[in-house]
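Subject: A structure for you to explore

Hi there,

Here is the structure I promised to pass on. Have a look around it first, and then read my notes below.

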Amino acid sequence: TLSSWTTKVPGASRTTEIKAAKETQIVVNVMVETLGDKVTAGDISRLDRKQKLKLAIACKKPLDEVNSVLNSFRQMEMM
């Protein structure tokens, strides 16, 4: 997890990169809980607005942030 090494580096837990990574981790964890751990880029591409809204509500994040994480996940899987 992200918290294991950041506790050992003074000030590391307050950086914007760490905060952004923790926010992304929340969205990804909810996505795995909701869609399963075998989710693919194709599955994400087929999500409709209602399913994305459910994810946003489940992780208590704005829809824009959820879309950003989903797009990043889709791009990483294409590589």
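Let's begin with a pair of side chains: those of Arg-74 and Asn-71 make a polar contact at 3.1 Å. Please keep in mind as you read that this is a predicted model.

Arg-74 belongs to helix α5, which covers residues 63–78. Is Arg-74 buried or exposed? Its relative accessible area is 17%, and because buried means under 20%, Arg-74 counts as buried. If you set aside the neighbours within four places in sequence, Arg-74 is in contact with Ala-41, Ile-44 and Ser-45.

Not counting residues up to four places away in sequence, Leu-55 touches Val-30, Met-31, Thr-34, Leu-47, Val-66 and Leu-70.

Finally, where is Lys-60? You will find Lys-60 in the loop between α4 and α5. Its relative accessibility is 74%, so Lys-60 counts as exposed, the cut-off being over 50%. The backbone has something to show here too: phi of Lys-60 is near 55 degrees, a positive value in a residue other than glycine.

Enjoy exploring!

Best wishes

Conventions
Residues numbered from 1 in each chain as written. Predicted model: local features only at pLDDT ≥ 70, side-chain atom pairs only at ≥ 80, totals over all residues. Heavy atoms only, no water. Helix = DSSP H or I, 4+ residues; strand = E, 2+ residues; numbered from the N terminus. Buried < 20%, exposed > 50% of the residue type's maximum accessible area, 1.4 Å probe, protein only. Polar contact = N/O pair within 3.5 Å; in protein donor to acceptor, adjacent residues only side chain to side chain. Contact = heavy atoms within 4.5 Å.
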